[in-house]
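Subject: Structure handover and what was found in it

Dear colleague,

I am passing on the structure below, and I would be grateful if you read the notes that follow with the sequence and the model open beside them.

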Amino acid sequence: MSSIMRVDTIQKADGSSGVHIAGHLVQRVSTKFSTEYTNSTQTFSDIAGASITFTPKYATSLLCITFNAFANVYTSGTNTNAGGVMRILHDGAYITGDYNASGNYELYFQNDASDGVGPNNYVRQVKYGEIAAGNTNARVIKVQGRTYNATTAAIRINQGSLYTSYFIVEEIAQ
């Protein structure tokens with residue numbers, strides 16, 4: 001024998017609406033995009049398509065942020081290395097632990113370019129960061145990228161708009 005339970009509203013014991021169970025997903029916002037992003041400088045710039053305006057439901061929540069992207073770093077001529085760096089920004093500040101200003105080797109490749117062909121490498125890159133919500137104000141969460149050094153011709157995401165990248169923000173009850 002089976003039973004069916006139908007309800008319109010679940011109220012917590014204190015009379016407030018909703019159920020807030022630690023460790024459970026409160027909400028999930030995501031975007032996917034295939035727009036090509038290219039940066040040929042050592043200055044961070046916003047990756048087009050990797051931005052979400054997010055409003056936490058609870059100030060005590062943990063925000064789990066994932067960026068899953070197709071990345072390419074390359075150089076030309078006899079340069080022997082190519083690299084790039086990406087970072088997740090939450091409300092204008094990078095997430096501690098996700099990015100270190102001294103860490104230029106997040107995407108880095110080196111070879112012997114004696115044949116005149118420098119590195120040209122393609123990878124699926126996953127970035128992950130966590131941060132406390134702190135409040136229930138709307139905030140912009142985004143990803144930025146830059147090249148490793150002057151010998152790197154560029155860092156690209158979704159080269160030729162041939163690939164799809166994903167940006168996901170999940171709010172977890174604490």
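R124 counts as partly exposed, at 44% relative accessibility, where partly exposed is the range between buried, under 20% relative accessible area, and exposed, over 50%, with a 1.4 Å probe and protein chains only. Its place is in strand β8, residues 120-132, and strands here are DSSP runs (E, at least two residues; helices are H or I, at least four residues), numbered from the N terminus.

Before going further, please keep in mind that this is a predicted model, in which local features need pLDDT of at least 70 and side-chain atom pairs count only at pLDDT 80 or more, while totals for chains, interfaces and linings use all residues. Residues are numbered from 1 along each chain as its sequence is written, and side-chain values use heavy atoms, with hydrogens and water left out.

To return to R124, this residue touches N68, A69, F70, T164 and S165, if residues up to four places away in sequence are not counted; contact means heavy atoms within 4.5 Å. Two of these neighbours also meet the side chain of R124 through polar atoms: the side chain of N68 is joined to that of R124 by a polar contact of 3.1 Å, and the backbone oxygen of T164 is reached by the R124 side chain at 3.1 Å. A polar contact is a pair of N or O atoms within 3.5 Å, of which, within protein, one must be able to donate a hydrogen and the other to accept it, and residues adjacent in sequence count only if both atoms are side-chain atoms. By contrast, the C-alpha atoms of R124 and Q11, which are 113 residues apart along the chain, are separated by 43 Å.

A second residue to look at is N39, which lies in strand β2, residues 37-39, and is buried, with a relative accessible area of 5%. The side chain of N39 forms a polar contact of 3.1 Å with the side chain of S45, and a polar atom of the N39 side chain lies 2.9 Å from the backbone oxygen of T43. With residues up to four places away in sequence left out, N39 touches F44, S45, G145, R146, T147, A154 and I155.

Strand β5, residues 81-90, is mostly covered, since 10 of its 10 residues are buried. Both of its faces are covered, with N81, G83, V85, R87 and L89 on one side and A82, G84, M86, I88 and H90 on the other.

Which strands does β5 join by seven bridges, by four and by two? Seven bridges join β5 to strand β9, residues 139-147, four join β5 to β7, residues 107-110, and two join β5 to β6, residues 93-94, each of these pairs running antiparallel; two strands pair if DSSP finds at least two bridges between them.

Two backbone angles deserve a second look. Most residues other than glycine have a negative phi. D91, in the turn of the hairpin that β5 and β6 form with two residues between them, has a positive phi of about 55°, and D91 is exposed, with a relative accessible area of 53%. S161 also has a positive phi of about 55° although it is not a glycine; it lies in the loop between β10 (154-157) and β11 (165-172) and, at 39% relative accessibility, counts as partly exposed.

Finally, there is the segment before β1. D8 has its place there and is exposed, with a relative accessible area of 82%, and its C-alpha atom is 63 Å from that of N111, 103 residues away in sequence. I21 lies in the segment before β1 (25-33) too, and is partly exposed, with a relative accessible area of 40%.

With best wishes
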